[in-house]
There are 2 protein chains.
Amino acid sequence: MKASILTIGDELLIGQVLNSNVQWISERLTAIGVTVTRHLSVGDEMDEITGALRFLQSSCDILIIGGGLGPTHDDLTVEALSRYFKIPLRYDEEWVGKIEEFFKSRGRPMTENNKKQGYLLRDAVRIDNDCGTAPGQFLMEGRTRIFVVPGVPHEMKSMMDRVILPKLLNDPSLGSTRILKETLLTSGVGESALAQRIEMDVERIRNIEGMSLAFLPSNTGVRLRLQMRASTPEEEATFRSEFTALEKACGSDAYGIEPGTIEECVHRLLMDRGETLAIAESCTGGLVSQRLTRIAGASKILRGTLIPYQTELKTRELGIPATLFEQSGVVSEASARAMAENIRTKWGTTWGLGITGYLGPEGDAFAPGGTVWIAVARENRTLAREFHFENHRERAQERAAAYALDSLRRALT
Amino acid sequence: MKASILTIGDELLIGQVLNSNVQWISERLTAIGVTVTRHLSVGDEMDEITGALRFLQSSCDILIIGGGLGPTHDDLTVEALSRYFKIPLRYDEEWVGKIEEFFKSRGRPMTENNKKQGYLLRDAVRIDNDCGTAPGQFLMEGRTRIFVVPGVPHEMKSMMDRVILPKLLNDPSLGSTRILKETLLTSGVGESALAQRIEMDVERIRNIEGMSLAFLPSNTGVRLRLQMRASTPEEEATFRSEFTALEKACGSDAYGIEPGTIEECVHRLLMDRGETLAIAESCTGGLVSQRLTRIAGASKILRGTLIPYQTELKTRELGIPATLFEQSGVVSEASARAMAENIRTKWGTTWGLGITGYLGPEGDAFAPGGTVWIAVARENRTLAREFHFENHRERAQERAAAYALDSLRRALT
């Protein structure tokens with residue numbers, strides 16, 4: 001099956017917004033064996049949209065149309081579809097009721113212009129939006145399956161995952177070739193060290209027809225993406241066994257499989273052991289705690305966090321003597337150890353995590369800008385490690401938080 | 001002048017690569033007064049490329065074609081142009097000499113297939129590639145200026161900046177039009193409520209020739225982008241005065257102009273007043289603190305943060321009596337007020353910020369999942385407000401953090 005993707009919005013054409021939706025949709029469609037042949041973006045203009053429909057419709061079995069579903073006057077997608085396909089609109093009372101509820105649950109009044117989002121194409125099936133007010137739509141026109149989705153990425157993604165992709169997977173016209181893809185997550189190890197560790201596997205994978213391996217480094221670790229076109233059970237088995245071999249070769253550097261995160265891994269390890277954590281984080285400013293609390297049920301493992309951003313709080317709240325800072329520096333092994341140990345005993349948890357650093361540009365006589373010390377404490381044992389990051393606050397915060405979670409993970413396994 | 005951008009490459013259609021080139025080119029063209037009307041991407045197939053040329057050529061004065069200029073058999077751009085426009089190819093000995101030099105300077109041998117990159121359209125002017133082997137080309141076809149550039153981003157950007165944009169700027173058809181653009185940042189107000197507040201301005205702006213206003217909602221607030229094509233000082237003055245009017249109409253809902261952030265606004269307000277802040281944030285898990293500490297010098301205004309993730313810490317560290325939670329609930333006005341007031345007095349700061357909520361899915365008898373209370377305390381005065389967010393942890397955390405910063409900003413102004 002061939003697909004085209006039409007995205008609508010002036011913000012794309014003036015270059016204000018990067019069109020990440022079209023990449024996301026393309027990746028998902030490709031994975032289920034659909035061939036994407038055209039991406040087209042046009043502005044919020046009636047003639048442009050109808051012209052785009054004319055160009056795309058004849059050549060595809062699937063047409064995904066994203067954007068232009070908002071409540072304002074420049075949102076023209078539904079009207080353009082109505083004109084081009086000569087299908088009148090219908091007013092969906094039920095959906096307007098849901099929009100009203102949506103606003104009510106947020107304690108805000110629904111405005112008059114939101115009612116516009118209650119108009120659907122007469123022949124279309126509504127696709128519910130579970131996180132916004134613009135409904136999606138599904139329509140058959142000749143042999144073309146047309147799906148209309150909002151431009152807001154998470155609303156679009158939810159509709160694709162809940163409704164559109166499952167529907168296409170059930171479509172008998174879809175062949176049996178699938179793209180198998182699995183991504184192994186590693187942390188605490190650099191790209192070249194990892195490449196060396198799994199050298200033999202990389203060589204073997206290179207020689208398997210249709211299989212490829214990509215190293216994807218990021219601020220939070222290196223991801224290894226294994227990919228293969230498969231249409232037989234034997235090919236699927238080869239893929240599985242190669243992925244397992246890769247996982248084994250990575251050993252303790254691997255912590256999970258996408259879409260897992262390192263915080264989920266830490267959360268799970270603590271839950272399994274029935275243990276708790278207290279954090280004293282300074283330069284990361286709350287990022288480690290925020291990542292852990294993104295997980296539902298985080299209060300079962302995280303007792304709490306202290307962010308002693310001004311040094312004096314490290315003395316007052318953690319009982320670290322000012323003389324320690326004078327002798328070793330605020331950013332030092334001694335400081336990180338004391339933070340981890342003292343927050344642990346203060347709040348009576350199994351584990352204590354201490355993070356202190358200078359994100360830069362400035363440092364002090366003890367530690368230059370970019371230095372971060374991370375310590376992990378349990379009863380009678382504390383491990384501390386020093387890191388140096390580039391002088392870019394946001395990236396340094398992210399990398400420090402990732403290494404802190406990785407240090408905790410390694411101590412837990 | 002109207003422009004279309006055609007990008008060619010299977011890697012775009014399978015979603016392997018994010019098409020950032022098209023955004024970059026669009027932004028540059030828009031800035032010099034060109035109107036981009038279409039973005040189209042097709043794969044490395046002859047019929048698809050010629051079909052794309054047919055669709056785009058008739059409707060534009062400028063056509064930028066990117067990608068498909070490599071040395072391999074699936075790079076078809078030049079051949080497709082030759083077929084579609086019926087222009088034979090010529091072999092550019094001089095460019096092949098440059099390719100040879102390019103390889104020699106890198107100590108690598110030139111491969112035979114690189115010679116393919118020496119073929120140009122007979123009627124085209126070569127655009128030199130100063131960091132790669134694929135030459136760009138410029139061609140007039142009817143009224144359309146066609147530019148062919150490589151898909152490698154830095155090679156494309158170099159050609160655009162060195163040759164193509166200067167050439168367009170000198171084109172008499174471009175005229176003296178410039179695009180003026182300014183984005184007003186608002187927070188703490190929804191899109192529809194904001195639209196209602198500035199209804200009259202929106203109406204007035206709609207009637208000004210060449211001016212447009214876009215509402216860009218996000219998790220952290222609604223941005224208002226005012227844009228105008230201007231070619232005279234009078235038009236520029238109109239733009240300025242409309243932007244000022246818009247700013248005024250938004251009143252306290254506006255906090256700055258892009259690329260500012262609300263945390264920068266709060267930071268600046270506190271710095272100006274020489275005041276300090278202490279935070280007790282629970283459900284946001286450290287996000288408010290992390291956003292503030294992204295700013296260099298945050299330790300001058302932020303004394304520290306307590307994240308009492310388990311309720312018992314709210315009693316132990318903030319002295320909030322357990323009876324308050326039993327009577328009013330952990331997520332309640334009384335709880336948020338006590339958090340803000342007690343962290344302020346505990347650490348002796350000018351301001352205290354308290355955030356407590358259930359991100360969901362679960363809540364309790366006092367507050368359903370999605371409820372968040374935010375309180376801002378100063379000496380003798382505390383303001384508290386209730387919010388309801390959707391049951392999606394990460395987004396609810398982001399929105400709660402944005403509203404917390406907004407509450408602080410409003411209290412400071």
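Colleague: By class, how many nonpolar, polar and charged residues does the lining of the second largest pocket have?

Modeller: This is a predicted model. The lining has 16 charged residues, eight polar and seven nonpolar.

Colleague: How is such a pocket found, and what volume does the second largest pocket have?

Modeller: Rolling a probe the size of a water molecule over the atoms shows where empty space is left. Here, the second largest pocket has a volume of about 1400 Å³.

Colleague: Which residues lie nearest its centre?

Modeller: Trp24(A), Arg28(A), Lys157(A), Glu258(A) and Pro259(A) do, out of 31 lining residues.

Colleague: Which elements supply at least two residues of that lining?

Modeller: From chain A, α2 (20-31), α6 (153-169), β9 (178-186), β11 (221-230) and α10 (262-273). The largest share comes from α2(A), with five residues.

Colleague: Now the interface. What do chain B and chain A bury between them?

Modeller: The size of an interface is often given as the accessible area lost when the parts come together. For chain B and chain A that is about 6200 Å², with 50% on carbon and sulfur atoms. In residues, 73 of chain B are in contact with 69 of chain A.

Colleague: How many salt bridges cross the interface of chain B and chain A?

Modeller: The rule finds eight. One side-chain salt bridge joins Glu394(B) to Arg294(A), at 3.0 Å, N to O. There are also 38 residue pairs in polar contact across the interface.

Colleague: Which strand gives the most to the side of chain B that touches chain A?

Modeller: Strand β2 (residues 35-42) of chain B, with seven residues. That side of chain B divides into 23 nonpolar, 29 polar and 21 charged residues.

How values were computed. Residues numbered from 1 in each chain as written. Chains lettered and ligands numbered in written order. Predicted model: local features only at pLDDT ≥ 70, side-chain atom pairs only at ≥ 80, totals over all residues. Heavy atoms only, no water. 1 Å grid on protein atoms, 1.4 Å probe; cavity = no way out; pocket = protein on both sides within 12 Å on 5 of 7 lines; lining within 4 Å. Points joined across faces, edges and corners; volume = space filled by probe spheres on them. Helix = DSSP H or I, 4+ residues; strand = E, 2+ residues; numbered from the N terminus. Nonpolar A, V, L, I, M, F, W, Y, C, P; charged D, E, K, R; others polar. Contact = heavy atoms within 4.5 Å. Buried area = accessible area lost by both parts, 1.4 Å probe. Salt bridge = Lys/Arg side-chain N within 4 Å of Asp/Glu carboxyl O. Polar contact = N/O pair within 3.5 Å; in protein donor to acceptor, adjacent residues only side chain to side chain.
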